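The following note sets out numbered points for discussion. Please read them alongside the sequence and the coordinates.

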2 protein chains.
Amino acid sequence: MNHTLAVTQLSSIANEARLAIFRLLVQAGVNGLAAGSISEKLAIPNSTLSFHLKELSHAGLINAQQQSRYIYYSANYETMNSLLAYLTENCCAGEQDCCTTTICNTQNEE
Amino acid sequence: MNHTLAVTQLSSIANEARLAIFRLLVQAGVNGLAAGSISEKLAIPNSTLSFHLKELSHAGLINAQQQSRYIYYSANYETMNSLLAYLTENCCAGEQDCCTTTICNTQNEE
DNA sequence: GACACATTTCTATATTTATGGAAATATAGA
DNA sequence: TCTATATTTCCATAAATATAGAAATGTGTC
């Protein structure tokens with residue numbers, strides 16, 4: 001993990017709409033959701049959603065996969081893990097078990 | 001944890017200077033560091049640092065404690081934990097052990 | 001009170017970011 | 001090819017954020 005990248009990733013979820021999108025996808029699991037489905041669930045206009053999806057995607061926090069006419073977006077759990085690990089890295093000077101930094105294990109890496 | 005608060009907290013660390021400050025304090029442990037010490041270590045001008053410390057403080061991610069002429073800033077581990085937990089909440093629809101969400105235990109709550 | 005030191009507030013400026021309608025692009029089926 | 005559906009790009013505008021010098025405030029010591 002690199003500082004600038006971490007800032008980019010944090011910026012990408014430091015927004016009401018994008019945080020909602022990201023959490024929705026984190027909860028949706030590996031298959032993710034189609035853009036239209038996200039737009040509907042969160043009541044975000046298409047063009048606005050597209051802008052936000054691009055931000056998240058560019059930051060590497062979500063992945064896009066085209067399937068027929070739909071584009072499925074899903075959370076990138078590995079990236080999320082790296083980011084959270086960066087935040088808690090060497091927590092409390094490594095003393096104590098202050099930070100038992102283990103979070104999300106990618107469930108299947110095909 | 002509430003959505004708006006999470007956005008505020010993420011925004012507060014979604015900045016190069018503030019992320020550096022926050023990580024420095026996370027690593028410094030419960031005693032924290034005086035403002036002048038942070039300014040020196042990170043080469044950030046006083047007025048700029050003060051602005052950033054206020055942002056982090058306002059978001060609840062760091063605490064301030066005056067001690068004589070110095071003001072010591074320290075990471076608020078509980079807030080950090082809540083935030084990270086919010087991000088990974090109900091990860092992968094609760095199936096699998098995809099997200100073993102446990103992170104940082106506050107080391108001493110006096 | 002006078003002085004040094006630590007930190008914050010004030011201020012103006014520069015930069016980045018968010019919004020959503022309208023038009024454009026892409027995909028698929030008849 | 002025509003039509004419907006899904007998504008993105010373009011664009012202008014509005015709003016929020018970052019920067020750091022200078023002045024102000026607070027704290028301790030003599």
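1. H4(A) supplies the largest share of the surface near DNA strand D, namely six residues. The model under discussion is predicted, and the points below should be read accordingly. The residues around DNA strand D number 22, and those that come nearest are Gly36(A), Asn46(A), Ser47(A), Ser50(A) and Ser47(B). Two or more residues each are given to this surface by helix H3 (35-42), helix H4 (46-58) and strand E3 (70-75) of chain A, and by helix H4 (46-58) of chain B. In terms of residue class, the surface near DNA strand D holds nine nonpolar, nine polar and four charged residues.

2. Which residues come nearest to DNA strand C? Among the 22 residues around DNA strand C, these are Ser47(A), Gly36(B), Asn46(B), Ser47(B) and Ser50(B). The elements contributing two or more residues to this surface are H4 of chain A and, from chain B, H3, H4 and E3. H4(B) gives the most, with six residues. The surface near DNA strand C comprises nine nonpolar, nine polar and four charged residues.

3. Chain A contains an open sheet of three strands, ordered E1-E3-E2 and paired in the antiparallel sense. The antiparallel pairing of E1(A) with E3(A) extends over two bridges, and Leu33(A) stands opposite Tyr73(A) in E3(A).

4. Helix H2 (residues 16-28) of chain A lies across E1, E2 and E3 of chain A. The angle at which helix H2 of chain A runs to E3(A) is about 85°.

5. Is Ile62(A) buried or exposed? Ile62(A), found in strand E2 of chain A, counts as buried because 24 C-beta neighbours lie inside 10 Å, the threshold for this class being 20 or more. Neighbours within four places in sequence aside, the contacts of Ile62(A) are Phe22(A), Leu25(A), Leu56(A), Ser57(A), Tyr73(A), Ser74(A), Ala75(A) and Asn76(A). Between Ile62(A) and Glu16(A) there are 46 residues of sequence separation, and the C-alpha to C-alpha distance is 16 Å.

6. In chain B, strand E2 (residues 62-67) and strand E3 (residues 70-75) pair in the antiparallel sense over six bridges. Within this pairing, Ala64(B) stands opposite Tyr73(B) in E3(B). The hairpin of E2(B) and E3(B) has two residues between the strands, and Ser68(B) in this hairpin adopts a positive phi near 60°.

7. Phi of Ala43(A) is near 55°, which is a positive value in a residue other than glycine; Ala43(A) is located in the loop between H3 and H4 of chain A. Ala43(A) is classed as exposed because 7 other C-beta atoms lie within 10 Å, the limit for this class being 12 or fewer. For Ala43(B), phi is likewise positive and near 55°. Ala43(B) is placed in the loop between helix H3 (35-42) and H4 of chain B, and counts as exposed with 8 C-beta neighbours inside 10 Å.

Notes. Residues are numbered from 1 along each chain as its sequence is written. Chains are lettered from A and ligands numbered from 1 in the order in which they are written. This is a predicted model: local features need pLDDT of at least 70, side-chain atom pairs count only at pLDDT 80 or more; totals for chains, interfaces and linings use all residues. A residue is near a molecule or strand if its C-beta atom, placed from the backbone, lies within 6 Å of it. Helices (H or I, at least four residues) and strands (E, at least two) are DSSP runs, numbered from the N terminus. Ala, Val, Leu, Ile, Met, Phe, Trp, Tyr, Cys and Pro count as nonpolar, Asp, Glu, Lys and Arg as charged, and the others, Gly among them, as polar. Two strands pair if DSSP finds at least two bridges between them. Two residues are in contact if their C-beta atoms, placed from the backbone, lie within 7 Å. Axes are lines fitted to C-alpha atoms, for helices over the stretch in contact, and angles run from 0 to 180 degrees between N-to-C directions.
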